Structures are given as structure tokens and as C-alpha cells.
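Q: Could we go through this model together? I would like to begin with the packing and then move on to other topics.

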2 protein chains.
Amino acid sequence: MLKDLLATRANPDVPSALSGLFTQDADPSAISFAAGSPNESLFPVAAVQRAFNTAIAKQGAHLFQYQNPQGNPALRAKLAARIGKWGQVTTTAEHVVLTVGGQQAIELVAKALLNPGDEVAVEVPTYVGALAALDLYQPTYYGVGLQSDGIDLDVLETTLKRHPGIKLLYTVPDFHNPTGITMSVAKREQLVALANRYDFIILEDSPYRDLGYEQTPLPAIKSFDTEGRVVFVSSLSKILMPALRTGWLVADDTLLAAIMKVRLASDLEATGVTHAAIDAYLTTNDLDAHVDVLKDHYRVQCAAMVAALGKYFPDEATFTTPAGGFFDWVTLPKDIDTGALLREQISPTAHVSYVPGTNFYPNRDVHNSLRLCFSGLTPTVIDAGIHRLGDQVKAAVHEAKPVV
Amino acid sequence: MLKDLLATRANPDVPSALSGLFTQDADPSAISFAAGSPNESLFPVAAVQRAFNTAIAKQGAHLFQYQNPQGNPALRAKLAARIGKWGQVTTTAEHVVLTVGGQQAIELVAKALLNPGDEVAVEVPTYVGALAALDLYQPTYYGVGLQSDGIDLDVLETTLKRHPGIKLLYTVPDFHNPTGITMSVAKREQLVALANRYDFIILEDSPYRDLGYEQTPLPAIKSFDTEGRVVFVSSLSKILMPALRTGWLVADDTLLAAIMKVRLASDLEATGVTHAAIDAYLTTNDLDAHVDVLKDHYRVQCAAMVAALGKYFPDEATFTTPAGGFFDWVTLPKDIDTGALLREQISPTAHVSYVPGTNFYPNRDVHNSLRLCFSGLTPTVIDAGIHRLGDQVKAAVHEAKPVV
């Protein structure tokens, strides 16, 4: 059997964290709150097309040759300056690596750090794509809960004392995927102190940091790094366009060298043509002004989602009120399995979808929550979809409730 | 020490197979036969620029959204048809995966198959980038020598009998990197029979198959596959442009599913914008006609290299006469270490460079060969460079020779 020749990480009997997340629904009235895609009506297509032409006209054939394995130096310099301005991170182009989306950045860090069985701490719930990337290197997970101001540092420290071998903490500090929670500045500083004390690496994944509806971005965890222990990851997928496949990371010395070693072996380099086009776009366009346009849209969509949840969901449901990003997180009574509910009831009858919360837990052991994404839908559609979803959730909650 | 937190695969004390391959030489007269880059003067820049504009005009914003994790379906269909026409492989778009260069395709196969210590057979010498990708998953290597018609199947079978756990064979059947050797059709068929008998997977890496100077491409090993055991890998880097970062693979059923599972977790998908541009390019341009232009150039460069080697190298050196591809392989007397010679003598005094052969052996245990790439240089420069190199090699051979 060819199956017996596969690596443990590719075992087909273990579903990937990323597979089956999005159900296909052929019904024309179907509304999906599942995929976390940016709103494509906001993409600056004409400006990016001009940027491709500018880059090609400027560099000609050489643009299409093998390039720098860390990525276009001019674009790296611009990204270094950007995280300096908006995240208080003092860095330079030499410490930036361009990756195939933020996903590859996470995977490269996991690849550079993890032997099978190595211990990793993650927020629970946490980003499903990070779990998929970490899963490739077969870690032992320790989940640490979230509070309204981010990861529970007391639980983290208890966990570190009990498991001093933990070598990596993965965190999404800004408008967390899936909960929308943002880590306080105080906790960012304390987290770095813990990393120094307990000798672990922090993987700071921050693709949504620019998309705060009401505030300017907070200082990155990386800005408090004193020992080169923090790898900062972000992406242009959410604030520019995903199909440019351009994520980036900031790392120092030992970690940077290790990441570049595994990067070269993985794909040599990312797509130089799109890097040059992005660099040209950033030279003649104001990305911050574009981000302001995005925030104005997503703020309205988020408000519509929160209002609809208040209107149509039963009192037994709790939900977050995000201050940025794409997601709302809903928690239902403990006895409701949102995966089974979606599959058996909501998808076939109401034609609405979401991502069941189970996917965001490394041990897939919590079943009563769900993630809703509002980024791609109009307020009217959001209201209609949450109405349909709320009716189903109400019925499930009342059915599940014991009659007194 | 942060170094202690790294994975074994990222150990900084073990040099990467891909690091330090290309020496930097600031001398204005320096000639490099090292990097295996295609000749950028042959890139169809204007046609590809038009293709980007066509793709963007046609699809607009949607082109820049998250796309299909396997890659653009129209481009996959064209590549499936191409390998059908030129490699006798019967396949469809559903079995093609677009990757970030051929390098990522190799890495994904290694990732899908290898647990630490798993046994892998490779040709010796073999492509250094494949060794780097395989190294990430810490295999045990068995080297199998090459004959003028490809891998030595008798040695391979003896090795398989002795090590029945071998689960993967990596081979470059067409204009092999680094030796330029091509595997005969008979051996391709026999290799598949061996894979069926001894239960292993064949990773067929064929980026140079289109670049045969005198002949049309041979049937791919994959064309003889009866059990879905062969993964075929190729790339547009050598026949179109490297910075488009578009490689591709063909796999079936079990292996395809395993590869897609690790692919999603690695980077979600490759660069959709460039896929669409390549598809548009292939729709309005004749890639075969472009490949004919490339072959006319590389044929002349290769002939210049072979002639110069005959003229300037000592009789003690043997070299291959490639019928396609980018590389010539030179073997010197056993007591000459081409790495030390390059570092200490040739690079500082003659300002000529090559890749020392040691890099192409998984155990880095053979030191008297070197790889020369002729793709980027004019015949005049090739003659001048090989002249300088030959003088150095002659001196080294005569110095090394015991006085009788």
C-alpha cells in the first residue's frame, strides 16, 4: 500500500487542520461567514497593474532572473520602516525575509525550531493555519486561554514551570484570529520577560495589526525583544491582496540564519516579480491611506455583525465585539456541537456557513464555539445571514435545554 | 543559547547543501561557471508584460483574491497537455500542482514521505538543491552511480536488496544536473518495474527535459507508471523565467492527497497572479518556438565549452559532452580537491569559479570533480574562462603528479 510509504505528518487518516474548513453550498442564497478572505471590491487593481508595468519597464529582463533569497531589498527596506513607524520595532532590511504569505513565514519558523515531540505553547483558541504548519513538525501542544486583554500570563507561567522544555510560543496579539481579542501593551512587555526567563521563542503573528477600527496599532511584541527571541510575522494579504502571496518576517542573528537555511532548501526564494511590483506600488501610492479606506469598510461590516448577533442570537450565546480585523467569535452552551449542527442542520436547511470552533483548538476538544467572518459581505447580507443563523441557533439551544 | 532551541535540521554547525555554492568575486574580469541560471537575454519580457496586462484586464480584482491551492486550473490543463505531448504522460489538470519553483515540488514530496532516518536512494552525483530539500527531513542516503545511459540499475537493485526499507528514489533523468547525462528509455521502464517490485516511490525531477539540442524529449519515467508511484516534477524557470517561481508536479491519488495536505500547511498556495499571466502568455505565444530559440543558443554555448575543455584542459581530466541542459561535469585525478583548489588558488588568482563536485554527493565524500555551467556566457567568454581555468588545472595536476 502506497499509504504505508507516507510520512507520519501526511497520514491520511488524520485530517489536516486546514481541510474541510469551508463547506461548498450550491444553493444560490447561500451565505458564507467561513473564509477569512479580504473584500476584493477594495483591491487597488489599477494601481497594482500600473506597478507591475513600472517594475517591468524599469528592470526589464533582470527582474525575471533568480533574485535575492531574502526577497527584494527595496521592499524589505520599506517593510522595515513600516514596522518601525507603526510597531516601534527598530530593524533594517537585512533582518526582513519575504515569504509566500504569512503562512510560509509560520511554517519556516516551525521548521527551523521543531524536532518531533518538541513542546509548543499556543493560545486557545488559535489560528487554524498556524496549527496546520506546526502540526507538520509534530509538536506536543500546551494550550493557554485568552482574557479580554490577551493571553492569560498566569496560566502561561504555570505551564512553563510545569513544562520547562517549551521552546516556542505562538501568538496572534492583534485582532486575534479567531476571537478578535488584542493583547495589551503591558502583557506584550511581560511576555518578552517570560521568554527571557524561561528560554523560549515567541512567534508573533500579526496580519491584522493595521486594521484597528478605532486606534493606531500597538507596539509589536518584537519591539520589547532584548535577546533576539521574537520573530515578527505579518503579511500584505489582508491590507493589499492575497494572490500577491507576500508575507514577511523580522528575525535576528541566530533565528534569521536558521530561517534562511530552511528557506533556501524549501523554495529558494519567493516571487521576485510581485515583490518588485509591490515595491513600485508603495513608491507611488500611500498604503496608509488605502488602509484607512479598508478600515472604514470593515468597521461598518463589523458593526452590522455585532448588531445582528445582538438582535437574532439567543441570550445563551456570547460573542466578542472586535475592535479590528475580520472575525467575531461566538460561544454557545457547552452541550452544543457547532460542527455537527453546521453539517446536519444549518448548512442543508439555512444555507449559512461558519467555521466550527473545534478547528481552532490543537487537541480539537472544544466544540461549542464558532468563527464568523464579516469581511466579504455587505451589511444587508450580514443581517440576513445572521438572522437565518440565529433562528437555527435558537432552535438548537432550546432543543438542547432540559425541560424543567 | 538560542542556538540550543533550533531543530536538528537547522543546526548552524552543519552547512546547508545550498550555502556557499557561489563565491563572490569583485574582480571586474571574474567569470563564473557556477550559478545554473538561464540566460536572461533570452527572456520574452515584452510578451510576458503583455500577458500580465491581459490577465489583470480579463479577471480584475478576483485575480488578486485567494485562489485554488493546486494553482490556476487553466494553466494546470496546459501543463498536463504539454507533458502528454512531450513526455507521453497521460494526465489531467486535476493531477497537476503548481509550486514555488521545482524546488518546492521536491521539498513537498520529501515532506509528504520522510520521517527522520527514512531510507532514500539518490544518483551520485545529484542535484544539490534536492539534497538540501531532502536533508530537511533527515533521511539515510544510499548513493547509486551513473552510467552514460543513466543510473546504474544493477547497483540500485543490489542496494534495494540490502536495504528493502528504501522508500524513495530521487532521479534527474534528462540532461542531469550536474553531469548532463540522460537516462535511456529502456532504463526508465525498468526503473518503474523495480519500484513496483521493491515498493518505493520515484521522484522524477526534469527541469531540463525541453532543452535537448539534438533530439525531442524522451518519454518521462512517469509515462511508465502503473501504480501511481512516480511523482513527476518540472519547472518553467529554465524555459521561461525563474522569477515567476512556477514549478509543477504530477501525482496520483494517495501521493497527490498527501502532497496537497502538506502544501496547504506550508504556504496555502503559490502566486495566482503569475499563474494567470503565464496562462495568458501560453494562450497567445508558442512556447515550443521559444524553446527552439533557447536550444539554438545553449547548443552553441555548450559546443564552445566542450571545445575549450578539449583545448585547454590536461589529458588527465575527463569531461562529459552534454546533449542538452546547462552543465558540463569535469573529473580530475583522485588526489585533487576541487574545493580547496577553487578557494586557495583559482578564485584568488584566475578569478574564475565553478561549483566543487563535493556539493553534489550526499555524504560529501568525493572531491575531485567540478560542475561548469555555460548558460549565461558568450562563446568568447566561455573560451577565455576555460583557458584561464585550464591553465590552473594543468598546474595543479602537474604539481600533484609524483615525479618518476
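Q: Which residues is B:I386 in contact with, leaving aside its neighbours within four places in sequence?
A: In this predicted model, B:I386 is in contact with B:F33, B:M305, B:A308, B:L309, B:Y312, B:F313 and B:L372.

Q: And which members of the largest nonpolar core touch the most other members?
A: They are A:F64, A:I386, B:F64 and B:I386, in a core of 152 residues. A second, separate core has 102 residues, among them A:V109, A:A133, B:L256 and B:V355.

Q: Turning to the sheet, what is the order of the eight strands in chain A?
A: The order is β2-β9-β8-β7-β6-β3-β4-β5, in an open sheet with mixed pairing. Its edge strands are β2 (96-99) and β5 (150-151) of chain A, each of which pairs on one side only.

Q: In which sense do β8 and β9 of chain A pair?
A: Strand β8 (residues 230-235) and strand β9 (residues 247-250) of chain A are antiparallel, with four bridges between them. A:S234 stands opposite A:W248 in β9(A).

Q: Which strands does helix α6 of chain A lie across?
A: Helix α6 (residues 185-198) of chain A lies across β4 (140-147), β5, β6 (168-171), β7 (201-205) and β8 of that chain. The helix runs at about 150 degrees to β7(A).

Q: Why do the copies meet through the same surface?
A: Because 100% of the interface residues of chain A are also interface residues in chain B.

Key:
Residues numbered from 1 in each chain as written. Chains lettered and ligands numbered in written order. Predicted model: local features only at pLDDT ≥ 70, side-chain atom pairs only at ≥ 80, totals over all residues. Heavy atoms only, no water. Contact = heavy atoms within 4.5 Å. Core = buried A, V, L, I, M, F, W, Y, C linked by side-chain atoms within 4.5 Å. Buried < 20%, exposed > 50% of the residue type's maximum accessible area, 1.4 Å probe, protein only. Pairing = 2+ DSSP bridges. Helix = DSSP H or I, 4+ residues; strand = E, 2+ residues; numbered from the N terminus. Axes fitted to C-alpha atoms, helices over the stretch in contact; angles between N-to-C directions.
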